[in-house]
Amino acid sequence: AVVIAGSLSSAYDQDPWIAKLSEEIRGLREQKKRMLGICFGHQIICHALGGKVEKNSKGLQFGFRKFIVSAKAQQALPWRQTMMQLRF
């Protein structure tokens, strides 16, 4: 599996390395390789495979969000029920 993590760049930026990464992602898809995208990673996977990624029209957002974690997940990982979010 391949993990693509965060970046200060955005999936819709025109940097040459982003175009190259998009090509690599399409190649991995053809090879049926598993991919996990985190933050920038999920955006660039979406973009490379034909999805739409765009800038947040509300600008930078920061906040906290409550969520429910299943009992099974709570046993597996030390979860907190509040998550910090940062959206660009």
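Along the sequence, the protein chain follows the pattern β-α-β-α-β-α-β, with three helices and four strands. Helices (H or I, at least four residues) and strands (E, at least two) are DSSP runs numbered from the N terminus. The model is predicted, so local features need pLDDT of at least 70 and side-chain atom pairs count only at pLDDT 80 or more, while totals for chains, interfaces and linings use all residues. Residues are numbered from 1 along each chain as its sequence is written, and side-chain values use heavy atoms, with hydrogens and water left out.

Of the 88 residues in the protein chain, 18% are buried; buried denotes under 20% relative accessible area, exposed over 50%, and partly exposed the range in between (1.4 Å probe, protein chains only). Contact is defined as heavy atoms within 4.5 Å. Among contacts between residues at least 6 apart in sequence, 47% join residues at least 24 apart.

Two packed helices are described by the angle between their axes and the distance between the axes. Helix H1 (residues 16-30) and helix H2 (residues 40-48) have axes that come within 9 Å and cross at roughly 70°. H1 is therefore roughly perpendicular to H2. Here, axes are lines fitted to C-alpha atoms, for helices over the stretch in contact, and angles run from 0 to 180 degrees between N-to-C directions; those under 35 degrees count as roughly parallel, over 145 as roughly antiparallel, 65 to 115 as roughly perpendicular and the rest as oblique. H1 contributes Trp-17, Ile-18, Leu-21, Ser-22, Ile-25 and Arg-26 to the contact, and H2 contributes Phe-40, Ile-44, Ile-45, His-47 and Ala-48. The residues of this contact comprise eight nonpolar, two polar and one charged. In this classification, Ala, Val, Leu, Ile, Met, Phe, Trp, Tyr, Cys and Pro are nonpolar, Asp, Glu, Lys and Arg are charged, and the others, Gly among them, are polar.

The largest nonpolar core has nine residues, namely Ile-4, Ala-11, Ile-18, Ile-25, Phe-40, Ile-44, Ile-45, Ala-48 and Val-53. Such a core is a set of buried Ala, Val, Leu, Ile, Met, Phe, Trp, Tyr and Cys residues joined through side-chain atoms within 4.5 Å. H1 and H2 each supply at least two residues of the core, and the largest share, four residues, comes from H2. When residues up to four places away in sequence are not counted, Ile-44 touches Ile-4, Ala-11, Ile-18, Leu-21, Ser-22 and Ile-25.

Ser-22 belongs to helix H1 and, at 5% relative accessibility, counts as buried. Apart from neighbours within four places in sequence, Ser-22 is in contact with Ile-44, His-47 and Ala-48. Glu-23, also in helix H1, is partly exposed, with a relative accessible area of 47%. The C-alpha atoms of Glu-23 and Leu-49 are 9.5 Å apart in space, and the two residues are 26 residues apart in sequence.

Within H2, the buried residues are Phe-40, Gly-41, Ile-44, Ile-45 and Ala-48. Viewed down the axis of H2, these residues fall within an arc of 130°, so they line one face of the helix; the arc is that of the directions from the helix axis to the C-beta atoms. The cover over the buried residues of H2 includes strand E1 (2-4), H1 and strand E2 (35-37). Gly-41, located in helix H2, has 0% relative accessibility and counts as buried. Its C-alpha atom is separated by 4.5 Å from that of Ile-4, 37 residues apart along the chain. With neighbours within four places in sequence left aside, Gly-41 is in contact with Ile-4 and Ala-5.

Most residues other than glycine have a negative phi. Lys-32 is placed in the loop between H1 and E2 and is exposed, with a relative accessible area of 74%. Cys-39, likewise a residue other than glycine, has a positive phi near 60°. This residue lies in the loop between E2 and H2 and is partly exposed, with a relative accessible area of 45%. Just after H2, Gly-50 takes a positive phi of about 100°.
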